[in-house]
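This briefing goes through one protein model by topic. Look over the sequence and the structure first, then read the points below.

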Amino acid sequence: MNTTTQSIWRTPQISGRWWPVFLRNLLVWRKLAIPSLVGNIAEPLMWLVAFGYGMGALVGQVDIGGEKVPYILFLASGSICMSAMNAASFEALYSAFSRMHVQKTWEGIMNAPVNLDNLVLAELLWAAFKSIFTVTAILCVMLALGISHSPKLLVALPVLLVAGIMFSAIALIFNALAKGYDFFTYYFTLVLTPMMFLSGVFFPREQLPEVVRLVSDWLPLTNAVELVRPLFMDRWPAHALRHGLVVVAYAVVAFWVALALTRKRFKG
């Protein structure tokens with residue numbers, strides 16, 4: 001292994017200096033918070049209304065672990081995880097790429113005593129914050145619609161935050177590789193969209209062929225859904241430790257890879 005490879009894969013050099021970068025993003029975004037919120041929650045709510053009430057009237061109830069639940073509850077518990085994925089991914093791709101490559105904001109920040117590791121961490125946590133802000137608003141609408149009133153939904157928020165961190169870290173890998181905005185189309189089309197249909201968001205995964213389901217078991221979105229859906233049903237996840245470890249492992253490994261590739265892009 002050559003010196004450059006050793007350098008980019010070194011242990012992350014993290015300190016509290018990520019916080020000013022996070023705060024900078026927050027102050028800039030604050031001016032656009034309301035339009036951003038409307039844009040982020042409009043699409044998932046349209047999915048929920050169209051499929052939950054429209055298709056839900058045809059489907060009726062679905063069987064989850066031997067328990068019959070309304071289709072709209074099934075869809076809501078999956079779509080909120082999908083919303084966390086999309087919100088985190090969009091921020092860690094398009095917005096982070098704009099700051100890194102187009103606006104050259106990262107280069108300006110690194111002229112201050114802030115290293116690249118803290119900068120990447122700040123972008124990851126900022127994207128995760130945007131995702132939890134979005135899903136909290138969506139969850140409030142779901143509560144207002146009476147889809148679920150389980151007290152265990154309070155536990156769903158920290159789970160969705162960790163899921164947001166995981167999807168932010170994965171997206172930052174593609175951010176480090178991108179040469180332009182068009183590159184992200186491949187990620188959304190070839191990675192996120194198939195994952196939405198294979199992770200049990202719209203229909204039970206038991207309907208999938210056995211081989212496909214075995215692959216689906218290890219998808220990031222699947223494990224997030226398996227943690228969140230039982231909470232909507234006022235139950236604890238059956239295999240919470242396993243799913244939680246998968247989510248955390250994805251987050252840690254993806255962050256390390258994203259950091260290494262970003263170091264390579266900035267020449268270590």
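**Helix α10 and what follows it**

Helix α10 has 13 residues and spans 19 Å from its first C-alpha to its last, close to the 18 Å expected at 1.5 Å a residue. The model is predicted. The points below start with this helix and then turn to the pockets, the cysteines and a few single residues.

- Of the 13 residues of α10, 12 are buried, so the helix is largely enclosed by the rest of the structure.
- The buried residues of α10 include Pro-220 and Leu-221 at one end of the list and Leu-231 and Phe-232 at the other, with Asn-223 and Arg-229 also among them.
- Just after α10 comes Asp-234, with a positive phi of about 65°.
- Asp-234 has this positive phi although it is not a glycine.
- Asp-234 sits in the loop between α10 and α11, and it counts as partly exposed because its relative accessibility is 40%.

**The largest pocket**

- The volume of the largest pocket is about 580 Å³.
- Its lining consists of 28 residues, and Asn-40, Ala-87, Phe-90, Glu-91 and Lys-130 lie nearest the centre of the pocket.
- Helices α2 (18–30), α3 (33–59), α4 (71–102), α6 (116–144) and α8 (183–198) each give at least two residues to this lining.
- Helix α4 provides the largest share, nine residues.
- By class, the lining of the largest pocket has 12 nonpolar, 11 polar and five charged residues.

**The second largest pocket**

- The second largest pocket has a volume of about 500 Å³.
- There are 23 residues in its lining, and those nearest its centre are Ile-64, Arg-205, Glu-206, Glu-226 and His-243.
- Two or more lining residues come from each of β1 (61–64), α10 (220–232) and α11 (240–265).
- The lining of the second largest pocket is made up of 10 nonpolar, five polar and eight charged residues.

**Cysteines**

- How many disulfides does the count come to? The count is zero.
- Is Cys-81 buried or exposed? Cys-81 is buried, as its relative accessible area is 1%.
- Cys-140 has a relative accessible area of 47%, so it is partly exposed.

**Lys-104 and Thr-105**

- Lys-104 lies in the loop between α4 and α5.
- The phi of Lys-104 is near 60°, a positive value in a residue other than glycine.
- With a relative accessible area of 40%, Lys-104 is partly exposed.
- Thr-105 belongs to helix α5 (residues 105–109).
- Thr-105 has a relative accessible area of 15% and is therefore buried, the cut-off for buried being under 20%.
- Apart from neighbours within four places in sequence, Thr-105 is in contact with Arg-24 and Arg-99.

Technical notes: Residues are numbered from 1 along each chain as its sequence is written. This is a predicted model: local features need pLDDT of at least 70, side-chain atom pairs count only at pLDDT 80 or more; totals for chains, interfaces and linings use all residues. Side-chain values use heavy atoms; hydrogens and water are left out. On a 1 Å grid over the protein atoms alone, a cavity is a set of points where a 1.4 Å probe fits but cannot get out, and a pocket is an open set with protein on both sides within 12 Å along at least five of seven lines; lining residues have an atom within 4 Å of a point. Grid points are joined across faces, edges and corners, and a volume is the space filled by probe spheres set on the points. Helices (H or I, at least four residues) and strands (E, at least two) are DSSP runs, numbered from the N terminus. Ala, Val, Leu, Ile, Met, Phe, Trp, Tyr, Cys and Pro count as nonpolar, Asp, Glu, Lys and Arg as charged, and the others, Gly among them, as polar. A disulfide is a pair of cysteine sulfur atoms within 2.5 Å. Buried means under 20% relative accessible area, exposed over 50%, partly exposed in between (1.4 Å probe, protein chains only). The expected span of a helix is 1.5 Å times one less than its number of residues. Contact means heavy atoms within 4.5 Å.
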